[in-house]
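Please review the following briefing alongside the sequence and the model.

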Amino acid sequence: MKIFIQKERDTALHYNMSLLGGFLGTYTLLLRGGNFGSAQTGNFLETMISLSEKNFAEVGIRIGAAVVYAVSLIISYILTNYSKTNMKKLVLIVEAIGLCIAAFIPLSADPVLALYPIFAIMSFQWGTYSGSKGYNSASVFMTNNFKQSVLGWTRFFFEHDPKEKEKACLYTTTVVSFLIGAFLGCISVYQWGRYAAFAGLLPLLTAWIILSYKSEK
């Protein structure tokens, strides 16, 4: 029973953090010039575009964003593997600080520089909240989750394997959670602008509550 509750708690936590990933995705896209603060694909492509245009100042800023993302991943890895730190709770604290910083960066700031706190906390989140039930599943972007959802249902349809159904359900619910968070991010930005970052503290609070729950059985 205790193992079952632990697994379900971890899954609920994964969906919760995926919702936060979606929230911050639309928060950054709407407020910071269409830049996505949860991944580096767009940033690398824009770096090459800026380089081709000989906009070296922009290239430097975008390289800086990649460095922030990489350093956050490295710190997450070191703390996870070489310390006794409760990483899942530490990530929530770091994200709360990052959200508060993001809320006070003026809209007139360079859009990529303004995303440095988001790049940092999303990278930190990805390094810790990266799956559930034995499946790798990023909570900050959805391409692979969508792929695994489609393949899982396809395999279940042809092979009728219950494990494929379990896998498909997990990835599908992850995508849905992300989309719900993305929609809530849109509504929050429309209402409160950059201060919508404070609304992101709510899923951090629910995550903390989930983590703090302990079964007596």
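Thr 128 is located in helix α5; helices are DSSP runs of H or I with at least four residues, strands are runs of E with at least two, and both are numbered from the N terminus. The model is a predicted one, in which local features need pLDDT of at least 70, side-chain atom pairs count only at pLDDT 80 or more, and totals for chains, interfaces and linings use all residues. Residues are numbered from 1 along each chain as its sequence is written, and side-chain values use heavy atoms, with hydrogens and water left out.

- Not counting residues up to four places away in sequence, Thr 128 touches Ser 76, Met 87, Lys 88 and Val 91, where contact means heavy atoms within 4.5 Å.
- Helix α5 spans residues 116-128, and its 13 residues reach 19 Å from first to last C-alpha, close to the 18 Å expected (1.5 Å times one less than the number of residues).
- Buried residues of α5 include Pro 117, Ile 118, Phe 119 and Gln 125.

**Nonpolar core**

- The largest nonpolar core has 33 residues, and Met 17, Leu 24, Tyr 27, Leu 92, Ile 118 and Tyr 129 have the most contacts inside it (such a core is a set of buried Ala, Val, Leu, Ile, Met, Phe, Trp, Tyr and Cys residues joined through side-chain atoms within 4.5 Å).
- Helices α1, α3, α4, α5 and α8 each supply at least two residues of this core.
- Helix α1 provides the largest share of this core, seven residues.

- Asn 16 is in helix α1 and counts as buried because its relative accessibility is 13%.
- Asn 16 lies 158 residues from Thr 174 in sequence, with 8.9 Å between their C-alpha atoms.
- Leaving aside neighbours within four places in sequence, Asn 16 contacts Pro 203, Thr 206, Ala 207 and Ile 210.
- Gln 40 sits in the loop between α1 and α2 and is buried, with a relative accessible area of 9%.
- With neighbours within four places in sequence left aside, Gln 40 is in contact with Ala 65, Ala 66, Tyr 69 and Phe 119.

Definitions and conventions
Buried < 20%, exposed > 50% of the residue type's maximum accessible area, 1.4 Å probe, protein only.
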